[in-house]
Amino acid sequence: MRIHSKSRRDKFPAVASAANPVFNSVFNALEVGILVVDSEGLFVDMNESYCRMIGYERRELIGKYFLTMVPEIQRDFTLYTFNSAMSSPVPKQTVAEFPIQRKDGHIFGANCQLTVISEPDGTRYMMVCITDVTETNNYKHLLEETELATGIGGWQLDVQTNRLSCTEGLYKLLDIPKYNGITWEDILSFVGNDAYLQFKQAVQLAVTRGIPFNIELDCSKCDMPVKWIRTIGKPKQLFNKTIQLVGTFQDITNHKQAEQLIYLGQAKYRAIANSSLYAFILGNPDGSILEVNSKACELFGYTEEEFVKKIRQDVVLHTPELLLMVEDRITKGFVQGELTGIKKNGEFFPCEFSSVYFKDLNGEDRMSTILRDISDRKKTEEELKKLSHIARETISPIVITDIDRRIQWINAAFTMVTEYTFNEAVGKRPEDFLYGEETDREAVKKLMENKRVGRTFDTELLIYTKSGRKVWVTMQAQPQFDNKGKVTGYFAIGIDSTERRKSEEQIVHNQRLLQQAERIAGLGSWETNLKTGETIWSDEMYHIYGRDKSLSNPGIEQQVAFIHPDDSEYVLKDIQKTIGGIGDFDLEHRILRPDGTIRIIHSQGQLLRNHLGEPEKLVGIVHDITNQKQAEEQLRQQEARMMEERVNHQRQIARATINTQEYERSEIGKELHDNVNQILASAKLFLSSPFLEGDERELFTNKAAEHIHMAIEEIRKLSKSLVSPSAADLGIIETINDMIGDIKWAQKIEVCFNHGGIDETKLDYGLKLTIYRIVQEQLTNILKYAEANKIGITIKEEEKKIILTISDNGKGFDPATKRKGIGFNNIINRADVFNGKVDIQAAPGHGCTVRVEFDK
């Protein structure tokens, strides 16, 4: 490596050996741009890859201020980063992406790895490894396909469930069997405690604050060989909340060691070559091979000892184009292009290569070559050619859209399915003419989101043809990228899945109807293959037998075990008859569930024969009739209880009737004895006196007549209270008013009767008679026991109900301590005939209120 800087070039350890041509050749053969600046920001040295990257020659850069290579708008931030790194108490390494300005003014993004190197005297230098991000993005899909070969493992964390998903590369990196789940403990044991804590902190910040990370983990502190791991994490947010974290792990131990080897000089250059992702070959102009790295051995299939015994013709196909490039390498010092490699097993494969011509310490010519297998890329290009032809001829509709979702190209199948021609579709978005009222808007929204972020996706969508016909299309879409890795559009291929969708919907509908019918009816179906013993149950069978559906279908032996022991003999006998061809079976029996409960089922089955007449299958249905049987038993018990209650009720009615009759007879006897009998006795005295003559006799005769008239009135009132008015004569209002008139005539008591809004013509005669008797009964109770001077009677109609209320201001009573007498029982029994509800409210000193409510 040549030193031209005016700064301390003789002090810089990595380039102090000027007479180091092999190291310089490796240094310049690297595709990664490398530059060294001193503490003042002046270029000390750089490799040829960096010069080609920015368009300058080395002599133009040595001693120049490094900020001149940085766009003006980015210089402040770049200078701040440089000063921070150089002034840090402990030399550190920084990885960041910076824009770099070429000599021609073109600006491109570059991934820069900044490493501060400190000499024993305190002098510091900064070594920068630069990678053009543009090219990296161009080959992003290629890097994804070669994940396993590059030692990168991907992971994804679902924040909501804390579920960790990993790629095959991570399984390989952690040396864990593919089908074992990777846990946080596996990562802990892989990187060690200190590195794990650093990683977990970065994950926590990404989850809580949405901060992505790209960190290098020093795993050398754990009890394992020295190891460095780079981990990258990128949060995915929804509504400013991280829902997913995607990242990678990469074993960069070799890369770190390679960097250290660069610092140490020539003795370590092989480690740099071996840590490269590409094959490295050092040879002579005559084609003989001097040294190779492990990647070359892996790529060509030779061991290092075998490789150095080969010549260029053994590992590279010599074509006229290659020979021209070899000649250009000698004249120009550098050449790059494509060639065909030859593996040990004779297989040919395409390669990209870059080669540098230089002279070693002894002045001998040497060739340093780096190769990369591009088989996958070539296959992809070939596949694209084939796909281009297939796209035109396939019966599947294909559409290509730009970044704004406007259609650029369609094939003939697209026109056949949608009825839109090329000219009618090009320039339009699919949503402009293909979507309709029943198209799933959420599916469309998800589709657009996938396109926006450049994601490959599958979807099924309902579209409308030009004639309005509805078509279901199953579509797979793939993003297209430009050479900078930017999404330029989408390529989508679809399949007309209308008929499949209709069939699936019909099948699902029929299955749902069948399951619903079986569930409602408690009916399960089954089928047993008599040759294999395999049994298939419907969902309801599992419910009837109380078994877990996730378990395998029971065999014949298990089904027999479900039968109640007391029923198994006759059940098996009938089934065996059916299998023997003697009719179908139709029987009721009990089964035992796993939890010990017993169910009663009605089981029916029949035998199916094959085309040879041999017994093949036994099919049947099972109906759970447990509830039906229980209901029948409950119905019988209920009928027996109702019959007993009816007899008891009739007895109660008869007893109440007899008590009422006896009470009425007693009251009539008391009335006749205490009142009518006394009046007639007085009349008899007036008429039977032997000493009455003249006027005195006439006076006594008149007195006797008055008492006889009083007796007649008392008998009339008594008869009126006992005899019901006839259906033709009963007027409820008039009858109650007559009753009130008699009460007022006989006693000094105020009676208020309110009956507004009642239409008697619409009331049943029996209901009117019941109301009359209840009023009569309660008035009798009030006159005998209440000691009241005010009575209120109200009859009203309210919401299709007739409400009768009788209240008084008498002395009242305590309903909790006083049992209901015959009077109240008569009221309740009479009201019950017409489904009336009786409510009695009373309290000592606050009178009594009887409220009766009838449905009209």
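I began with two side chains: Trp-537 is buried, and so is Tyr-542. Buried here means under 20% relative accessible area, exposed means over 50%, and partly exposed lies in between (1.4 Å probe, protein chains only).

A note on the source before I go on. This is a predicted model, where local features need pLDDT of at least 70 and side-chain atom pairs count only at pLDDT 80 or more, while totals for chains, interfaces and linings use all residues. Residues are numbered from 1 along each chain as its sequence is written, and side-chain values use heavy atoms, with hydrogens and water left out.

**Aromatic rings**

I searched the whole structure for aromatic pairs and found 20. Rings of Phe, Tyr and Trp (its six-membered ring) pair if their centres lie within 6.5 Å; planes under 30 degrees apart count as stacked, over 60 as edge-to-face and the rest as tilted. Trp-537 and Tyr-542 make an edge-to-face pair, with 5.3 Å centre to centre and 70 degrees between the planes.

Next I looked up Tyr-545 and Phe-562: their ring centres are 5.4 Å apart and their planes stand at 50 degrees, so this pair is tilted. Tyr-545 belongs to helix 23 (residues 539–545) and Phe-562 to helix 24 (residues 556–562), so to speak two distant parts of the chain, 17 residues apart, linked by the pair.

**Charges over rings**

Which ring does the charged end of Lys-227 sit over? It is the ring of Phe-190, with the charged end 3.6 Å from the ring centre. The charged end of Lys-343 sits over the ring of Phe-349, 5.2 Å from its centre. My criterion was NZ of Lys or CZ of Arg within 6 Å of the ring centre and within 35 degrees of the ring normal.

Five strands form an open sheet in the order 2-1-5-4-3, and the pairing is antiparallel. Two strands pair if DSSP finds at least two bridges between them. Strand 2 (43–46) and strand 3 (93–101) are at the edges with a single partner strand each, so one side of each has no neighbour in the sheet. On average, neighbouring strands of this sheet are turned by 25 degrees against each other, direction ignored.

Strand 4 (residues 107–118) and strand 5 (residues 124–132) run antiparallel and are joined by nine bridges. Opposite Cys-112 I found Ile-130, in strand 5. Helix 4 (residues 75–87) packs on the sheet and touches strand 1 (33–38), strand 3, strand 4 and strand 5, its direction making about 135 degrees with that of strand 5. Contact means heavy atoms within 4.5 Å. Axes are lines fitted to C-alpha atoms, for helices over the stretch in contact, and angles run from 0 to 180 degrees between N-to-C directions.

I looked up another open sheet of five strands, with the order 12-11-15-14-13 and antiparallel pairing. Its edge strands are strand 12 (289–292) and strand 13 (334–342), each pairing on one side only. Neighbouring strands here are turned by 30 degrees against each other on average, direction ignored.

Strand 11 (residues 279–283) runs antiparallel to strand 12, with three bridges joining them. Gly-283 has Ile-289 in strand 12 as its bridge partner. Helix 1 (residues 21–29) packs on the sheet, touching strand 11, strand 14 (348–359) and strand 15 (365–373), and its direction makes about 135 degrees with that of strand 14. Helix 16 (residues 320–332) lies across strand 13, strand 14 and strand 15, at about 150 degrees to strand 13.

**Lys-837**

My last entry is Lys-837, which has its place in strand 29 (residues 837–842). Lys-837 counts as exposed because its relative accessibility is 60%. Leaving aside neighbours within four places in sequence, Lys-837 is in contact with Arg-851, Val-852 and Glu-853.

Technical notes: Helix = DSSP H or I, 4+ residues; strand = E, 2+ residues; numbered from the N terminus.
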